[in-house]
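Hi everyone, thanks for making time this morning. Let me put the model up on the screen, and then we can walk through it together.

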Amino acid sequence: MATDETANETILLRGARVIDPSQGLDAPGAVLIQGERIVASGPIGTVSVPDGVRVIDLPAGWVVAPGFVDLHAHLREPGFEAKETIQTGAQAAARGGFTTLCCMPNTQPVIDSRATIEYVLHVAHGAPARVRPIAAISKGEAGRELSEMGELAEAGAVAFSDDGRPVQSSHLMRSALSYAAPLGLPVVEHCQDDDLVGDGVMHEGQIATMLGLKGWPAAGETITLARDLELVRLTGARYHAAHLSVAGAVDLVRAAKRDGLPVTAEVTPHHLLLTDAWVAGERTGPLAEALAIMTGEPLATGVRYDTNTKVNPPLRTAEDCAALLDGLLDGTIDVIATDHAPHTIVDKDCEYGEAAFGISGLETALGALLTLVHTGKLPLATLIATLSHRPAQAWGLDAGALRPGALADITIFDPDEWWTVEPAQFASRGKNTPLTGLRLRGRVRQTWLGGRQVYEAQ
Ligand SMILES: [Zn+2]
């Protein structure tokens, strides 16, 4: 990734708080980069300064962390370039501090062939983030016939998923796990029982009833997750549960891990922080509570039927948010992934029931999640681990660490800088966020990819 001019440059980042969960490092420190890799890192004073090094002194209040690794992003290319392209998605990633993006295969054509994987990798070449394709489980994500998983792995797939069109057939899921196991790659499921969920558009509960919107019950997620975990028990294959949204799902994964099953799980910032009340314009839940504490005033009421709150799985209850945070804190949930799902204005500018599902999440993730840190609910080092080291470990990616030998993919942020969410400023083509106009505290200042600075805040 490094350009010729920087290929052999030696750079020292010095003076900020360096947090690298991969080596338990959290101290005022320094990171020494040579070419595209890190050659030394540690508390300031322990890293020697070679001759001819370019020294970059950083404010003591800033944080230097491994570049964030997103296991769940929709980059929309090929096929839906009006929503996002690989380039704009990678630019959004750089602005959000993400240096590795694993992109979902629900494109047009679906990423289910060697040619499509090669296309994605080709287009991503030189982009300001590493793009790692997730290949489809079934041909065309049609849920009938397995894709050529061996060939897809060879072409560069890092996982398999039919996200967007969850696998309904238990038999197909069993086959997928059996074929993925010898390849050593995880099968990723968006847990959703289509038959039960039907055309539900928001969490099934009081608020859906009050708003007259069709409900998507919690059991729609747990039924499929429970089925999959039994199939993992049967096959011994690696399995990753995408975007857990309900308390019952956290319990299932916790029990599966206790049984020693090779299972990992993710949660999105919006499922951790927002509730179904946001659909009614009532902003409750962890984000609202944290911002009220941080600013000393309650969050203003939002818009009823804001289609930017429509996401799949849907925003749940405050109890679910609490269970998801508990799961993150006790390690049941391994990673935070954005499920970045950009859409055009037209996709969202319609009745709630008709609107597309999804939130554009790469550029607000850090600022939103830091509200939990600022209010003492989540240690900063844990947040960084779940955004970098743990996702890299979960899928065996060369990323997520500042250790000597690691790729010099680095995120530098000011945890205390206040900024306003203005989707018009997003690099992403997807302006669809329910956080528009909110003031968040914590902003990415610089992003480095392979020893090269790819983003600097103005
Ligand atoms: Zn999904």
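Let's start with L244. Leaving out residues up to four places away in sequence, L244 touches E221, L225, A249, V250, V253, A265, E266, V267, H271, L324 and I333. Keep in mind as we go that this is a predicted model.

As general background, nonpolar side chains tend to be buried together in soluble globular proteins.

Helix α7 covers residues 219-235 and helix α8 covers residues 247-258; their axes come within 9 Å and cross at roughly 10°. With angles under 35 degrees counting as roughly parallel, α7 and α8 are therefore roughly parallel to each other. On the α7 side, the contact is made by E221, T222, L225, A226 and L229, and on the α8 side by G248, A249, L252, V253 and A256.

Now for the metal. Which residues coordinate the zinc ion? They are D163 through OD, H190 through ND1 and H243 through NE2, at 2.1 to 2.2 Å. Along the chain, these donors follow the spacing D-x26-H-x52-H. D163 lies in the loop between β9 (159-161) and α4 (170-183), while H190 lies in the loop between β10 (187-189) and α5 (194-197), so the pair, 27 residues apart, links distant parts of the chain. Are these two buried or exposed? Both D163 and H190 are buried.

Those loops follow strands of the sheet, so let's look there next. It is an open sheet of 8 strands with parallel pairing, in the order β6-β7-β8-β9-β10-β13-β14-β15. At the edges are β6 (68-73) and β15 (335-336), each pairing on one side only. Further in, β9 and β10 run parallel and are joined by 2 bridges. For F160, the bridge partner in β10 is V187. Helix α4 packs on the sheet, where it touches β9, β10 and β13 (239-241), and its direction makes about 145° with that of β10.

How values were computed
Residues numbered from 1 in each chain as written. Predicted model: local features only at pLDDT ≥ 70, side-chain atom pairs only at ≥ 80, totals over all residues. Heavy atoms only, no water. Contact = heavy atoms within 4.5 Å. Donors = N, O, S within 2.8 Å, 3.2 Å for Na, K, Ca; no water. Helix = DSSP H or I, 4+ residues; strand = E, 2+ residues; numbered from the N terminus. Buried < 20%, exposed > 50% of the residue type's maximum accessible area, 1.4 Å probe, protein only. Pairing = 2+ DSSP bridges. Axes fitted to C-alpha atoms, helices over the stretch in contact; angles between N-to-C directions. Parallel < 35°, antiparallel > 145°, perpendicular 65-115°, else oblique.
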